Amino acid sequence: MPHSVSSNDTPDLPAAPFHIAIIGAGIGGLTFAIGCLKNNVSYTLYESAAKYSTVGAGVGLGPNALNALNMIDPKLRTMYNDISSGNLTPNKDHVMMDALYAEPNFGEDRGWVPAPFGASSYDRTSAHRVDLLNILTSMIPRETVQFNKRVKTIVQGDDGVTITFEDGEVVHADAVVGSDGAKGPTRGFVLGDKWPEEVKATYSGKYVYRSIIPMDDALKILGHHAGDAESFLGKDVNFITFPISRGTQCNLVAFKFTKDQVWTHDQWTKRVTKEEMLADFAEGVDPRLVKLLDWADPLQWSLHHHMNTPIYYNGRVCLLGDSAHATTPHQASGAGQCIEDALVLSHILGKTARPADLVKAFQVYDSIRRPRGQKVVRTSQEAGELYSFNHAECGEDMDKIVANFRQRFLWIWEHDLQADLARADELLSGTSKV
Ligand SMILES: Cc1cc2nc3c(=O)[nH]c(=O)nc-3n(C[C@H](O)[C@H](O)[C@H](O)COP(=O)(O)OP(=O)(O)OC[C@H]3O[C@@H](n4cnc5c(N)ncnc54)[C@H](O)[C@@H]3O)c2cc1C
């Protein structure tokens, strides 16, 4: 049954059977809103900020994420092509990254040759997050979004969900999809009663410094390495570089692993001095990598994740994106999982005819998306051990680590999303059971 959408493009459709409140306009909420538009699902998107985000650094998308974008709307995939960058060196289209040592001379002194990992199914692409957000927001009718709307409480009743915002406004929706990020309030509502210990994201044992370097400068410092995606591995450190902004900028993420230490700062970011930042990489790191930190804000971004999420919904309130499965970035897959969530949930809601069926819809989404989303979180943490020479089996053995990298992403990249949608259809129609 077609649903009407709050959009000028579709004025003549019949009245919507239900209305969804989407909380949060990050990559998850925006791609889900576009999926709702495509599936004629009525929604309003509420965002706490005064406007769409204009901050962020590089983000890489694997073939699964690109397929999901294409399946949500082929226009998204085309627009992504225009803003993304591959490796600048020819014939490295299918190389995710080269593995090098972070130590002086990048391992050359011990005879190490940069080792590529990727797959024929993988095309190297990454983009500036702001460019990605811009193409997403260009697809969303302005009248379906409300800014300055910070959700304070969510209360569920027999006939839907009541949301109270910090400005005092109260709205009612048939269901809520919380794409409000790792720290948003929806997760507490979904898990708080039964699994209070799983509500808060936990510190993953590492923080990062981030910088974007003009490509001309990066090339002067790193030579040809700057133009390609590279991972420089060291004991308790890892530097990732890749081109963004159509090759005009080099994105750097510098990881510092803190092992069993806890994150004691009250915020997830902590400002330090430049000297403190450099002290994190004082030993065993090639000075060229340290030089790239000249462009970094000395701000530690702690990495938190949701290792366990026992369920993605509570009645008519459902989690999507980082609110469900915040992950460390070692497999470059967090945003990709948001987009997969958006594809699957918008498809399911497009096939849902009555408010009374919304709980079943969320149950079907949970059964398809949660095992995969949570596996990404778990395996990403393990990937971090590999990048920092802390993996129990591979340790500092780069040959073993690279062999692992050449296999470990395939299940993420080559996943059959059409099969997910077909499975959703079977579960919804009752031809198979959750
Ligand atoms: C260093 C780093 C590198 C990464 N690299 C990659 C990569 O290469 N590839 C990849 O796929 N992923 C990557 N990720 C992960 C990716 O960035 C995230 O998974 C993704 O951006 C999460 O999107 P989201 O929409 O779920 O949440 P968010 O982007 O956190 O958006 C949540 C939104 O909800 C709003 N909100 C919060 N609370 C409220 C409230 N109470 N009321 C209303 N609105 C609210 C916020 O303002 C925000 O706009 C990386 C992450 C990090 C930290």
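**Entry 1: Asn148**

I began with Asn148, which lies in the loop between strand 7 (145-146) and strand 8 (151-157). The model is predicted: local features need pLDDT of at least 70, side-chain atom pairs count only at pLDDT 80 or more, and totals for chains, interfaces and linings use all residues. Residues are numbered from 1 along each chain as its sequence is written.

I looked up the backbone angle next. Asn148 is not a glycine, yet its phi is positive, about 55°. Most residues other than glycine have a negative phi.

Is Asn148 buried or exposed, or something in between? I needed the cut-offs: buried means 20 or more other C-beta atoms within 10 Å of the residue's own, exposed means 12 or fewer, and partly exposed is in between, with C-beta atoms placed from the backbone. Asn148 counts as partly exposed because it has 14 C-beta neighbours inside 10 Å.

**Entry 2: Asn40 and helix 1**

I then checked Asn40. Asn40 sits in the loop between helix 1 and strand 2 (42-46). Its phi is positive too, about 55°, and Asn40 is not a glycine. With 19 C-beta neighbours inside 10 Å, Asn40 counts as partly exposed.

Helix 1 covers residues 27-38. Its twelve residues should span 16 Å at 1.5 Å a residue, and its end C-alpha atoms are 17 Å apart, which agrees. The expected span is 1.5 Å times one less than the number of residues.

Why is helix 1 described as largely enclosed by the rest of the structure? It is because eleven of its twelve residues are buried. Among them I noted Ile27, Leu30, Phe32 and Cys36.

**Entry 3: Around the ligand**

I looked for the residues around the ligand. A residue counts as near if its C-beta atom, placed from the backbone, lies within 6 Å of the molecule. There are 34 such residues, and Gly24, Gly26, Gly181, Gly321 and Gly334 come nearest.

Which elements supply at least two residues of this shell each? They are helix 1, strand 3 and helix 10 (334-350). Helix 10 gives the largest share, four residues.

I sorted the shell by class: 15 nonpolar, 14 polar and five charged. Here Ala, Val, Leu, Ile, Met, Phe, Trp, Tyr, Cys and Pro count as nonpolar, Asp, Glu, Lys and Arg as charged, and the others, Gly among them, as polar.

I also checked helix 10 itself. Helix 10 has 17 residues and reaches 24 Å from first C-alpha to last, close to the expected 24 Å. Of its 17 residues, 16 are buried.

**Entry 4: Two domains**

I looked up the domains, whose bounds come from an automatic or database domain assignment. Domain 1 is 19-78 + 129-200 + 306-391 + 408-429, and domain 2 is 87-124 + 203-305. Their centres, taken over C-alpha atoms, are 28 Å apart.

**Entry 5: Two more residues**

I found Gly192 in the loop between helix 5 (186-191) and strand 12 (202-214). Gly192 is partly exposed, with 13 other C-beta atoms within 10 Å. Its C-alpha is 41 Å from that of Ala99.

I found Lys274 in helix 7 (residues 274-279). Lys274 counts as exposed because it has 12 C-beta neighbours inside 10 Å. Lys274 and Gly223 are 25 Å apart, C-alpha to C-alpha.

**Entry 6: The whole protein**

I ended with the totals. The protein has 14 helices and 19 strands. Of its 434 residues, 49% count as buried. The C-alpha atoms fill a box of roughly 70 × 45 × 40 Å along the principal axes.

I compared the radius of gyration with the globule rule. A compact globule of 434 residues would have a value near 22 Å, and the protein has 22 Å, which agrees. The radius is taken over C-alpha atoms, and the rule is 2.2 Å times the number of residues to the power 0.38.
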